[in-house]
Amino acid sequence: MRRSTPILLLSLALWTLATPVQAETFPSRQVTIVSPYQAGGTSDIIARLIAKKLADVWKQPVIVENKAGANGGIGVMAVVKAPADGYTLLAVASSALTINPLIYPNIAYDVARDLAPITRTGFVPNVLVVNPSLPAKSVAELIALAKAKPGSLNYASQGNGSNGHLTGEMFRQQSGIDIVHIPYKGSAPAVTDLVGGQVQLMFDNLPSVLEQIRGGQLRALAVTTAARAATLPDVPTLDQSGLPGFDSSAWFAMLVAGTTPEPMRVEIERAVVGIMKDDEITKKMAELGITAVAGGSGELAQRIGAESRAWRDVIAKAGIKVE
């Protein structure tokens, strides 16, 4: 037995050398980015810009798949239920991460447990837009009109619990007016009805309405961020328009399923952060009114926590719940 042991060990060593042990290079096949909204919105625009660049970086097909509904919740669950192998990514708006858990009592996902942060990808101001037929050419005139006719003005949003909904609620609370919320299934149908005059005002992501503002189909009264938007330098902020401290923006992020192996998460973060720092991407996004962000997974995790706490007070005061 002692004489056969060296021969056995040698045989095992030779077998090991002959056996491929190198791990599969990631990614080695098509990657899917789930966009949990209708095509054409800001989150979807960013997802498609990233997909094109990722395909160049990884030398693999990267497609965007739209799974709209439940303020992003349907798309989030599609990623949570997909194999946690790094081949299914989530490109999502902040509301699905910071607002949904506060307003849906039976929400099926837990952000901290079921998702792993990759990075924020961009942020935009919301812009307060009105139908040009409305006799209000400033925020002060809009507030005066709403106070003169309580409950007569309707404001559209991308859906219950969307950033536009909550920004509108914040505006209603701070201005002391009575306006009626009309939720839509996405930005596109809401903007269509706003242009058509079925609703009178809306808080929407700047890129989603920039073309209509420039074309005169909508009138921009104010942006919701603390600073003016570079693409609309003549439009004041709500803070400058008589609502001190008003500051709200929509931001967008990339995440993966929470149990995705660390090597895949590291590679995805490296690639996406690199893309968000690319001059071509930042320029394209700036032209659309989007500020590119490349803060990484740690910054995204902190942002989710901070904004969830901020929206909690607005939601509690308004008593918003969605079944």
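Me: What share of the contacts in the protein chain with a separation of 6 or more comes from residues 24 or more positions apart?

Reply: A contact means heavy atoms within 4.5 Å. In the protein chain, residues 24 or more positions apart account for 77% of the contacts with a separation of 6 or more. This is a predicted model: local features need pLDDT of at least 70, side-chain atom pairs count only at pLDDT 80 or more, and totals for chains, interfaces and linings use all residues. Residues are numbered from 1 along each chain as its sequence is written, and side-chain values use heavy atoms, with hydrogens and water left out.

Me: How many aromatic pairs does a search of the whole structure find?

Reply: A pair of aromatic rings is described by the distance of the centres and the angle of the planes. Rings of Phe, Tyr and Trp (its six-membered ring) pair if their centres lie within 6.5 Å; planes under 30 degrees apart count as stacked, over 60 as edge-to-face and the rest as tilted. The search finds 3 such pairs. The ring centres of Phe26 and Tyr87 are 5.0 Å apart and the planes stand at 75°, so this pair is edge-to-face. Phe26 sits in the loop between helix H1 (4–18) and strand S1 (31–35), and Tyr87, 61 residues apart from it, in the loop between helix H3 (73–81) and strand S3 (88–93). Helices (H or I, at least four residues) and strands (E, at least two) are DSSP runs, numbered from the N terminus.

Me: Which residues do ring pairs link into a cluster?

Reply: The cluster consists of Phe26, Trp58 and Tyr87.

Me: Is Tyr87 buried or exposed?

Reply: Buried means under 20% relative accessible area, exposed over 50%, partly exposed in between (1.4 Å probe, protein chains only). Tyr87 is buried at 5% relative accessibility, and Phe26 is buried at 15%.
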